Amino acid sequence: MFIRRSLFSCIALALVVSVEARACLPGTAAQPADATGEALAHFDRIKFGMFIHWGLYAIPAGEWKGKYYRGIGEWIMFRARIPVREYEQLASRFNPLKFNAEEWAQLAQDAGMRYMVITSKHHDGFAMFGSKASRYNIVDATPYGRDPMKELAAACAKRNIGFGFYYSQDQDWHEPHARGNDWDFPHERKPEIYLRGKVFPQVKELLTGYGPLSLIWFDTPGLLSEKQVTELRQLVKSLQPSCLINSRIGHNKGDYFQTGDNAIPIQVYSRMKWEVPATLNDTWGYKKNDQNWKDPADLIGKLADIVSKGGNYLLNVGPTAEGVIPEASQRILRTIGKWLAVNGESIYGASPSPFHFPDITWRCTVKPGRVYLHILNWPGRQLMLNGLESRVRRAYFLANRRPVTFRQKGSALALDLPAEPVDPYNTVVVLEIADETPRVAEAYRHDRLPARLDLYAWSARLRGEEIRYDRATLSATNFVKAETERNELWWYPYGSLDGEYEVEITYSCEDQAAGSPFRIAVQRSGQASREELRGRIEGTGGRFLSRGVEGAIRIRPGDQYISFGLPEDDRSAKVRLWKITLVRRAG
Ligand code: JFZ
């Protein structure tokens, strides 16, 4: 990890050096790169942050002129093709009198979140901060007339919560020369005009007016050239060398990597630091009809999953136009915070797992001399852990310090557990080991995946608005034919798979509901085409059974995701998919 990290700071350093000065060669730490490296190390320790999508879109909240729009709420201007002159009118009604920076920052703290990222300007182009560069901003264009970002930055600083801005640098539906709005502006674009006239001045305002920023979170790169992006990066680093930049600045110019939203790598990913931006329901910006809240158990499990694979979790809230974070979001976040208050030692500052994960029973994080086992799906009275070669001196539950009895034989460890979990969400067992860093047998290391690999519904990204996860059976269901986005499960290998794989599916289906065609596909990066396997769901008498699928699929390191869906009819509504298994073909 450490070697990789310093290697990465050298790359960051090289970037900065090449554009800023010929001060020194990569490897001989210059000031700016040091700042980035240190900021990354800090970012890696804090693990958990609050994302806030707040803007004019909170007024329509998913509905425009009596029509309800599917999809993410902050995209309503685009989805409904609302003319700029009409959308602008929302500003005159935006008056979030219930906004209270202290309450928001306190909620983040109660949730155990150690950084906050808020939309300073989303794709709709409206600045949620006081801006001299564009009058289309919350101070000059709304009855509210105040800059909430000043108060929020201060409230975070007071609590030692890192503060950062989301800024849509490429799409701006309010501007004729930015990307996105072709209903008002069908003509050709000159991105340079938009960049010089709005992006650079506003980014400068954000980096000079709100104290030290932990990070700036750019999004959806597209039109901007490599040269323009390099200049944008340089601008940020010249103003605040320690402000991190996410990969969505484009052209590989970020300091750390963003996964797709709600997308968690299937195994440990340690090539560089990364972050998962994720929603609590199915939208980022507030939508009044979206009550599809994720279960706290699911989120606590995902936090452990992400941290054990080397990532950070950036979890979103979408406040209302009055400035209130929805009650359901608050409740969920405080539940996570209660778990963290007891078990935070196993999360903050922890390193990722040295093991690969054979199933979804446990995840693992590490600190010097300690291995934390996060038991997410209770295995009954015994947990077997294979591959740990370090001698275990002591084992105990983190929540109550009670000892856990165990037997160790070679690299096999058996832990005796009670019949029921100690914690309803994630019971952490601490193993004190005789080595500073755990020694792990070759075959169990995180970069050595077994020939048979299970991809569980539990760890997949759920696409589509109808698909549901059923906690009781650990399976996904309601794969009905969708109006827009398909109801599918997506898994992200991020380079961990390379070869030809046969596939098995493990699912249940009542005999009378059988017959739906299913599809397993690999999405090739940079290509519209997918490689696919197709078959038909056979009845299983309602029990979970595994069945082989005919054929094989090729998965390459650059491929984006693997999907499972039943896209053609609704008979499949009650099919439950537990997992798919990839079986690597020899050779
Ligand atoms: C973008 C935005 O368009 C969206 O409104 C929201 O702000 C989200 C956090 O980011 O949406 C994306 C961008 C990238 C991916 C998916 C959604 N991606 O790479 O998978």
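Which residue lies over the face of Tyr69? Lys67 does, at 4.5 Å from the ring centre. A charge counts as sitting over a ring if NZ of Lys or CZ of Arg is within 6 Å of the ring centre and within 35 degrees of the ring normal. Tyr210 has Lys150 over its face, at 4.4 Å from the ring centre.

The model is predicted: local features need pLDDT of at least 70, side-chain atom pairs count only at pLDDT 80 or more, and totals for chains, interfaces and linings use all residues. Residues are numbered from 1 along each chain as its sequence is written, and side-chain values use heavy atoms, with hydrogens and water left out.

Rings of Phe, Tyr and Trp (its six-membered ring) pair if their centres lie within 6.5 Å; planes under 30 degrees apart count as stacked, over 60 as edge-to-face and the rest as tilted. The count by this rule is 32 aromatic pairs. Two of them are tabulated.

| Pair | Centre distance | Plane angle and class |
|---|---|---|
| Phe163 and Phe165 | 5.1 Å | 75°, edge-to-face |
| Phe355 and Trp362 | 5.7 Å | 90°, edge-to-face |

Phe163 and Phe165 are both buried, a term for under 20% relative accessible area, against over 50% for exposed and partly exposed in between (1.4 Å probe, protein chains only). Phe355 is buried at 1% relative accessibility, and Trp362 is buried at a relative accessible area of 6%.

One aromatic cluster consists of Phe257, Tyr269, Trp274, Trp490, Tyr492, Tyr494 and Tyr561.
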